[in-house]
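Hi,

Here is the structure I said I would pass on. Have a look at it first, and my notes on the charged pairs follow below.

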Amino acid sequence: MKRRLVVILLASVLVLSLIAGCSGGSQQQAAPKEEPKPQTIKIGAILPLTGSAASTGVKLKYAIEVAQEIINNPHPEINLPLAKDAGLPNLKGAKVEFVFADHQANPEVAKSEAERLIQNEKVVGLIGCYHSSATKPASQVAERFQIPFVAGSSSSAALTERGLKWFTRIAPNDDMETKFFFDYLKYLNEKFNAGIKTVAVVYIDNEYGVHAFQMVDKWIKEYEKDGFKVVLDVKYPTNVSNVDTEVQKIKQAKPDAIFHASYIGDMTQFVKKYKELGVVPKAVLCYCGGFQDPQFVVNLGKDADYFSGSNACTSTLFGKMDALNKINELYKKKSGVDIDGPTLEDFASAMVIADAINQAGSTDPNKILDALKTKTFDAPYFVSGKIKFGPTGQNDFSASVMVQLQNGKYEAVWPEQFKTADPKPAFPKWEAR
Amino acid sequence: MLAQVIASGILMGFIYALVAIGLTLTWGVMDIINFAHGEFLMLSMYSAFWMYTLFRTDPLLSLPLEALLIFVLGYVTYKIVIKRVADAPGLTALLATFGLSLVLRNLAQFLWTPNYRFLNQTLVTDKKLAFAGIVLGLPQVVASVGSVIMTLAVFYFVQRTRMGRAIQATALDKATAKLMGINTELVYGVTFGLSGACVGVAGALMSTFYPIHPESGALYSLLAFVIVALGGFGNIKGALQGGIIIGLAEALGGYFLGTQFKYAIVFLIYLLVIQLRPQGLFGW
Amino acid sequence: MLRVRNLKAGYDGVPVLFDVSFEVNEGELVAIVGSNGAGKSTILRTISGLIKPMGGEIEFEGKRIDGQPAHLIVEQGIAHVPEGRHVFGKMTVKDNLLLGAHTVKSEKEVSAALEDVYALFPRLKERESQKAETLSGGEQQMLAIARGLMSRPKILMVDEVSLGLMPILVDKVFETLKEISKAGITVLMVEQKVQDALEMADRGYVLQTGRIVACGTGRELLNNDLVKRAYLGI
């Protein structure tokens, strides 16, 4: 009799707790988290901390740590939202804590790390992942659990074409970048008589590279009337022991301009091989990747000059933009190098999500998303000065500049109103450097 | 351009072969698959890098040091890691070397950061040989020639020296080898060390043109597995021939069929060979 | 020279030899005979160090050698020609012989040993560069014995040399062993062919299921009742 009573008691406790605790499921609205103002607000950051892009991932981590430092401690000398006070003012000074996870350049791991951060660490938002191929599954997890995701530097346009509700992205996508590239070539032809007609696209075989090429395929139709033609596309494996064959094909095709979608390790190998085989194009334009990494200049010295790419920022602009300069000072202390475009974009993602939480005045994911989608955020570290996410989650204010390496410095060369130097529309012979 | 493609393919092939020879020695003699082989290569490259950065020593001059260093690493790995698990079920040795490879890779990243390093001013940097419309970078030519020399040296050592014969005998029949007075434990240690010396030399040679990075060894080690299967386990000549085949397959396949398929073609060849001739093309 | 006392040995914890004692003096040709499974090979393997004894003592030239690793025992002057020959098939005849001389430090001595061995086995010189596996059964047996001699051993132990050979070849091999013994090398042989072995031996031992059941000179054993009944079919 007694035993049966115990069993019934246990069963009822079990059933009651199941009913009370049940709040999962994508069919329902996310239950508002109504805790008394928490001391620490956790935000997940999924980055490539090991693997082939680890050198970049580590720098992104430093940038996010700088954001955390600025938000949590009083920095009245920096003219940024959330810098003045310690913590988030609208949440009684609550601090933010970025919880880092390593996706190892593996989409499967990105997915499981996103799940772990949401379910175990109970983060209220996610940022990341640099690799578009990792951002894709991680943001899908966020969508499923109804957690806001702010991607910093992942450039594949496909990310904002999925109709996701909870996804936002700061960097210009490769759709916008590609048009930017063609417009720049047009500018070089018109202003400098550069005579650029044939284009080759060299891209790494992953989401980032493949999508960039698809964008070129799309935009070339518009720009054919300006005399442009794609003469070669070279897709190469993510891990290469050499780029001999790739460069041999490029040399054969003799393109005027090369569009590169490559990371730092492969990009460096390509430049060395171009030098060895004597490939001399008129312009090389790089999507957001290896070229923008300051290690590019360290690895190649003067061989890095004349390469161009779009960038959210460049060190030559530090003199003109005070907030950017101060952020760079903090960043340089950690990393030893100046902040670069992709790193700045991930810094921005950290600032924006914290700003959105603050403006929402709550850690309720629905309210945070609302803030993200409706507010315009101050971003005095970007040339555009602002960040605003459109209906697809894409940042409408993605003003990048076209930069070109001249004497080891990333000079802003276009559009003219931002330029710090004139563009050089042709490569010299390698021996003549 | 075809001649250029073939020439580059053969040059790379010799380098791949040297890496594969290291692997085939341990696999053929001891029946041990050393999953940390690529990491030994990576450590050799880092040694060359640090010798260059700290002491201004050109990799071609510090090469003997790298060979010795990785020889010792191989020998010690045998004594400390492999010997302990020699009597455990076969899978344990595999897991042990796999674990070692993870440890070494992460240790490298921890100690030296994941940044890609390049050696930019060695004796051979930026020089090239050009003839008959073919351009060959001097770093690759020297690396290739160096690999061939080391390959011949290893071959001579195994075929003609006392220790070399002892290695062969131990591989064929361990118990009878003992009856010859051969210290089979020493043979195993030396074989592992020799395997290390091969990648020690290869790493020093490659450091003149390849990015140095905690993951640098991974792809070469993977290709080495394919070449060992192609050439036959324990077969040095087979590894050389296999290396050239793979180098050419990568170059020609990549050029004509598409660069994104470079390695797919290599692995396809591997699958075909192990299906049709499991002992390798030149297997014993 | 070699003294074995109360030897107990076996495989995987199961003993095959229970209490074996015998000795071999310098210059002798001693035969241990018995039927299949008696444990003959086990004796030689324990002496040469391939397996460790479970009990008893093995003394060579006054020093205990039981428990030492095989390669050290060989260095002390014991050569073991194993059952089934075990030549290194993929290696040449010459390389096989050179391996036999692995413990010989001086190159000159190795060359001298090679010459001696070729004198004894001219057929091997003819086949010098051939892979050992291409030799016939009889030739491989010669090679195995020659290989054993290359280290100029103090004692040559041969295990079942007659196994798998045609009768003519068996005679030839036994002839060779007699010659080797006459040249002064101590020989310990282990054999199934009881009659032949006892006829050539100076002394012999009979091994039955792991124990010595009879011993004496070759002649004495041939006349022994037990031997005659069990092994000679008389």
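By salt bridge I mean a side-chain nitrogen of Lys or Arg within 4 Å of a carboxyl oxygen of Asp or Glu. Over all chains, the whole structure has 42 of them.

Some housekeeping: this is a predicted model, where local features need pLDDT of at least 70, side-chain atom pairs count only at pLDDT 80 or more, and totals for chains, interfaces and linings use all residues. Residues are numbered from 1 along each chain as its sequence is written, chains are lettered from A and ligands numbered from 1 in the order in which they are written, and side-chain values use heavy atoms, with hydrogens and water left out.

Start with Asp293(A) and Lys59(A), which form a salt bridge at 2.8 Å, N to O. Asp293(A) sits in the loop between strand E9 (283-286) and helix H9 (295-300), and Lys59(A) is 234 residues away in helix H2 (residues 54-72) of chain A.

Next, Glu160(C) pairs with Lys40(C) in a salt bridge, the closest N and O atoms being 3.3 Å apart. Here the loop between strand E7 (155-159) and helix H7 (167-182) of chain C is linked to helix H1 (residues 40-48), 120 residues apart. Glu160(C) and Lys40(C) are both buried.

Finally, Lys42(A), Glu113(A), Arg116(A) and Glu121(A) form one network through salt bridges that share partners.

Cheers

Key:
Helices (H or I, at least four residues) and strands (E, at least two) are DSSP runs, numbered from the N terminus. Buried means under 20% relative accessible area, exposed over 50%, partly exposed in between (1.4 Å probe, protein chains only).
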